[in-house]
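Me: I would like to go through this model and ask what stands behind each term. Please set each value against its definition.

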Amino acid sequence: MTRLGGVSTFASRGANGYILAVVAVGAALLARLGLEAFGKFYYLPLIPAVMLPALLASRGATALAIVLSIAANVALVPRESVVDGAVNAVLFACVGLAIGEFGRIGRAARANARALTARLSTRDATISAMLASAAVVSLDRRSKILSMSEPACALFGVRQPDVLGQPFGDFVESFDSAADRTAGAEDLYWLGRRRDGDVFPVGIHRASIETPDGPPNTILTLTDLSRWRSAEARNQELREQLNQVWRLNSLGEIAATLSHELNQPLTAAASYLQATQADLGRAGVFADSASRTVELAKNQVLRAGDIIRRARNLLAGDERRLDPHRVSSMIDDLAPILQLLGPAAGAHLRIAVEDQADWVLADRIQFQQAIVNLVRNAIEAVAERPRREVAILGQAISTTEYRIRVEDSGPGIAPDQIGRIFRPLMTTKAGGMGLGLSVTRTIVERHGGVLGVQTSDLGGAAFAFSLQRLSEPLP
């Protein structure tokens, strides 16, 4: 059984439709027998018997009702001639078929109306759900507020009855409904003003709705960009910190190299001056003046060596402090920067760092600088490769160690280069300074680890080191 227009009816297809046709014809015949006392009605009482299956059932049921009606009428009503009976039967059949076709059209129209009503109900429910969760404002042709959703009211800290009819420019500075600036483009946003006077960045997407009696109304979808701008500022601050640490570490490596390279000639100069002073001492009082000059020169050479050592210790930051940190948290902070490095070279960056038992002792900024150095090198290594994959992996390998690996699908490190790549000012890249891996190794060593390199499962190089793991998270 189905329901049509609030009335229970037989199904439009199958045996129920034919049963309906038989029952309708039978009921029409009984009605005609009751009307015989008033006159001869012939086919007229049988028309409802055709209309009922035409409206509620199928074409087959309608045809059956027509056939049964004609057969009953021919059998029960005597005619003057065969021609008269045939003509009336044909006319009734034509009328019945026409009724059936109109009934089919009506059923199709009702079915389409039900489907359209269902689609409209679904669309209305979807729009209502969107308006309940999105900040939406509708404006008239003069940019005055026609409606404002609850999220939009909450965004500006107002009530809807208080803002209807107000210019939208009172809430968004210098708003121009003809412009279409959205949050999709960098630095393209409007400045919204809350009821308390707080100014915040807001992205606006504009759409127009045609009206039959005038210019189109404007629908605005608003996005609060405060968190986005805060994240951008934080990322910029982090990049500046990392760059500063990079410069300091690079200067420390340069100072260490210069100290090592200058130590020998300075030591030799001091030795020669010492020998000269001894020779002048054997010359007697006549060489005292020259001996004092040589002593001054020797002291200045020794002072130069001390200055270089002091500069190296200062820039190298020997007074280190390692604090408890989570590896997953330190790398999560780098995610915006790392995700910018990969797409810039067309590389796919995968981060798989276990966040269980990942508390370690580390200098947060220097650890992050080491990761950035390794990832940047990995991305540069895969830049010219058909397969460009880089992975950052992290897991606890014991109760005291947490292992970090940076792998790539690049060409790898040649065996004869492994012993040289960590040396300061040694590089295999055109335009490289040879400080990245040297600085990274220094950072790792300050954390009590060793930076090693081996073949990656991706086919390229894998740089790995371990940090001291804490047995329990600190409160």
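Reply: Among contacts in the protein chain between residues at least 6 apart in sequence, 63% join residues at least 24 apart. Contact here means heavy atoms within 4.5 Å. This is a predicted model, in which local features need pLDDT of at least 70 and side-chain atom pairs count only at pLDDT 80 or more, while totals for chains, interfaces and linings use all residues. Residues are numbered from 1 along each chain as its sequence is written, and side-chain values use heavy atoms, with hydrogens and water left out.

Me: How many helices and strands does the protein chain have, and what counts as a helix or a strand?
Reply: The protein chain has eleven helices and 14 strands. Both are DSSP runs numbered from the N terminus: a helix is H or I with at least four residues, and a strand is E with at least two.

Me: What makes α1 roughly parallel to α3?
Reply: The axes of helix α1 (residues 15-35) and helix α3 (residues 59-76) come within 8 Å and cross at roughly 30°. Angles under 35 degrees count as roughly parallel, over 145 as roughly antiparallel, 65 to 115 as roughly perpendicular and the rest as oblique. The crossing angle therefore makes α1 roughly parallel to α3. The axes are lines fitted to C-alpha atoms, for helices over the stretch in contact, and the angles run from 0 to 180 degrees between N-to-C directions.

Me: Which residues of α1 and α3 meet?
Reply: In α1 they are Gly17, Tyr18, Ala21, Val22, Val25, Leu29 and Arg32, and in α3 they are Gly60, Ala61, Leu64, Ala65, Leu68, Ser69, Ala72, Asn73 and Leu76. The contact of α1 with α3 divides into eleven nonpolar, four polar and one charged residue. Ala, Val, Leu, Ile, Met, Phe, Trp, Tyr, Cys and Pro count as nonpolar, Asp, Glu, Lys and Arg as charged, and the others, Gly among them, as polar.

Me: Why are α1 and α2 called roughly antiparallel?
Reply: α1 and α2 pack at an angle of about 155°, with their axes 8 Å apart. That angle belongs to the antiparallel class, so α1 and α2 are roughly antiparallel to each other.

Me: What is the hand of the crossing where α1 passes α2?
Reply: α1 passes α2 in a right-handed crossing. A crossing is right-handed if the near helix is turned clockwise from the far one by less than a right angle, and left-handed if anticlockwise. α1 also passes α3 in a right-handed crossing.

Me: Which residues of α1 and α2 meet?
Reply: Leu20, Ala21, Ala24, Val25 and Ala28 in α1 meet Ala49, Leu52, Pro53 and Leu56 in α2. By class, this contact of α1 with α2 has nine nonpolar, no polar and no charged residues.

Me: How are α2 and α3 oriented to each other?
Reply: α2 and α3 pack at an angle of about 170°, with their axes 8 Å apart. They are therefore roughly antiparallel to each other. Ala49, Val50, Pro53 and Ala54 in α2 meet Ala61, Thr62, Ala65, Ile66 and Ser69 in α3. The contact of α2 with α3 has seven nonpolar, two polar and no charged residues.

Me: Why are the buried residues of α2 said to line one face of the helix?
Reply: In helix α2 (residues 47-56), Ala49, Val50, Pro53 and Ala54 are buried. Seen down the axis of α2, its buried residues fall within an arc of 130°, so they line one face of the helix. The arc is that of the directions from the helix axis to the C-beta atoms.

Me: What makes Ala462 buried?
Reply: Ala462 has a relative accessible area of 0%. Buried means under 20%, exposed over 50% and partly exposed in between, with a 1.4 Å probe and protein chains only. Ala462 is therefore buried. The place of Ala462 is in strand β14 (residues 461-468).

Me: Is Ala357 buried or partly exposed?
Reply: At 39% relative accessibility, Ala357 counts as partly exposed. Ala357 is in the loop between β9 (348-353) and β10 (359-362).
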